[in-house]
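Take a look at the model below.

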Amino acid sequence: MKIGLTSTGKTLDSMMDQRFGRASYFILLDTDTSEFEALPNEASMTAGGSGTFAAQVIADKGVSAVITGNVGPNAMNVLKAADIGIYRGYPATINDNIEKYKRGRLERVDQAGPSHFGMSLKRNKK
Amino acid sequence: MKIAVLSGKGGTGKTTVAASLFSCLDRCQYIDCDVEEPNGAIFLKPDLPVSCPVNVPTPRIDPAKCNGCGSCRSVCRFNAITVIKGRALLFPELCHHCGACLIVCESEAISEKDREIGIIETNSSGTFMHGRLHIGEPVSIPVIRALKRRLQEDIPVVLDCPPGASCAVVRSIEGCDYCLLVAEPTPFGLHDLNIAVQLVRKMGIPFAVVVNKASDTDRSVQKFCRQNGIEIVLEIPFSKEIAQEYSRGILPVVANPEWKKKFMELYTHVERGIQT
Amino acid sequence: MKQIAFVSGKGGTGKSTLVASLSILVRNKMLADCDVDAPNLHILLQGDVLKNEDYFGAEEAFIDSAVCVKCDRCRQICRFEAISQKIEIIPMKCEGCGACVLVCPAAAIRLEEARSGQTYVARTPRGTFSHALLDIGAEGSGKLVTAVRKNIHGFYKNEEWVLIDGSPGIGCVVIASITGADAVVAVTEPTKTGLSDLERVMQVARHFQIPGFVCINKYDLNPEITAEIEEFCKRGGYPVIGKIPFDPAVVSALQEFKTPVEAGNCEITAEIMYLWSRLLKEMEKAEGF
């Protein structure tokens, strides 16, 4: 099974990146073979819509679960439509998060965190 | 005659100048183009009985017709469409309504429907108008364009522009006859004035400077204007009374008839400047 | 490392002056000017440039006039009025959507990355400082703010703090300034406009689940509105960590390129130091949960 983690660097010792759309890297790990690939996140360089872009990349890579800090509502809708499980990672290394995930210690997230544009707030009328 | 009031940054007194000018003139229209933070109404206190939505065309995808080819997703530069498991998903808040997806969709699965991104509020005589962009909407230009479509051609118009020197400012001041640049005499204010000057020069609109919070100790703005051949048409001194009145939402022209006279002179001056 | 973002609902509330003052008082920190549409901190912070890069904000259409057959289709399809009668791109209006590229029968149009400014990282006596300067008419974006914040991490030397001068407003650039920050400090003034702007910016902070704090600048200008702001903060659970009095000396100091701290303005300096210590205390409290 393939899982994706948002990372500040290219290795398993890197810290988790708490952002999803604007994360520096995605670490894609095969949990059966422990092989992994570090993918620079092109979405971080888009002016807008980084969340949906990143989610599309993750979905296209055939990932079954994502471990990250905060997923905005747009990206969450994409990931949900692709049946990708979302888990809230810890501000620790990628390795630590993988261990915790394997032991079932990460919380599954269904509620979207804050996003740029998907905010449901409307302006207060004066 | 259309006069745009702008400043390189916020908080320089742009709204004070625009609203003062408006309240000194008998027949005049005030348009608040600062749609992210429309503050003119706080000073001018208009009744705003008329409210109309600003809509933008947003694509709708018919799942029955969509074949999941993904061409809409690949042309969308704003990442507003994703295709998951052969189904296109649209994110309206990311959409810049450019219509590119419509052009490429071969199965005619995409149509457009209006979506509200903000509102325009107007007083009963149509002389006061402001736009409000809804929170979370990324593009303010359609609201500014909608405001400018309601511009009255037969009376003077004062446009209170958004701060900065961005695209929204460009859209606000284009087509205007004259720009008033409001600046504060501080290193920050001077820096921002310089940027605003470059912008209006690039657009080729005649302009002059209003110095707000002017003081005797810092003449940097005056010096800058002299060196660059820019006229200063008004100086509002730095005073605690004006700051206190401002904090209560009272304009200097309302509190003091002397200021009313000065603003009327300013207007006559600008009018003459445009004609020559 | 903790990141503190200073924001305001509108410009001119004294946010940059506060950040510049703290840049002297707080030790072991880095600085980022994320007010990319009207950057000001670089005026007070001179230093050696460590890194300077062109910033490519967005794409723009380019028409190859040699290939163009003047069929006018691009002008008709463009919803941003960015193509003139003469079939020329008006760069300030082009959104880079590419609709014109799609309809051009002669393949005369392409999208290209357009330079819209420059990013800088400088070594200053007050710490590593990251900022950006936009070209005239160019617009700041979440991407640029992210670049400014990201740039500074390349020079990280175990600093304890990052002080972020955020942009005013509530839009995309503000959100990019505060995401991932440990605290948001909103600098406001007791004016009619100040309170409504404060309410909106705090909504954004709340939406992002970032602890929000408030500093009321020039609080004595209008005691009634200051009381209203304090009441609002109490209801919303935003601690008021500082109340800075109105003092014309602050402006006079600034006119000499000095913060109130450097100008030896004891009262204001003491208040800013108190603000910082309250922020630390309140953040500890918030973490205690």
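In chain B, strand S3(B) and strand S6 (residues 110-122) run antiparallel, joined by 12 bridges. Strands here are DSSP runs of E with at least two residues, helices are runs of H or I with at least four, and both are numbered from the N terminus. Within this pair, B:Pro59 sits opposite B:Glu112 of S6(B).

This is a predicted model, in which local features need pLDDT of at least 70, side-chain atom pairs count only at pLDDT 80 or more, and totals for chains, interfaces and linings use all residues. Residues are numbered from 1 along each chain as its sequence is written, with chains lettered from A and ligands numbered from 1 in the order in which they are written.

Now widen the view. Nine strands of chain B make an open sheet, ordered S3-S6-S7-S2-S8-S1-S9-S10-S11, with mixed pairing. Two strands pair if DSSP finds at least two bridges between them. Strand S3 (50-61) and strand S11 (232-237) of chain B are the edges; each pairs on one side only. From one strand to the next, the twist averages 20 degrees.

Helix H7 (residues 187-203) of chain B packs on this sheet. H7 touches strand S1 (2-6), strand S9 (178-183) and strand S10 (207-214) of chain B. Its direction makes about 170 degrees with that of S9(B). Axes are lines fitted to C-alpha atoms, for helices over the stretch in contact; angles run from 0 to 180 degrees between N-to-C directions.

Which chain does chain B touch? 46 residues of chain B are in contact (C-beta atoms, placed from the backbone, within 7 Å) with 44 residues of chain C. On the chain B side, H7(B) gives the most, with eight residues.

Definitions and conventions. Contact = placed C-beta atoms within 7 Å.
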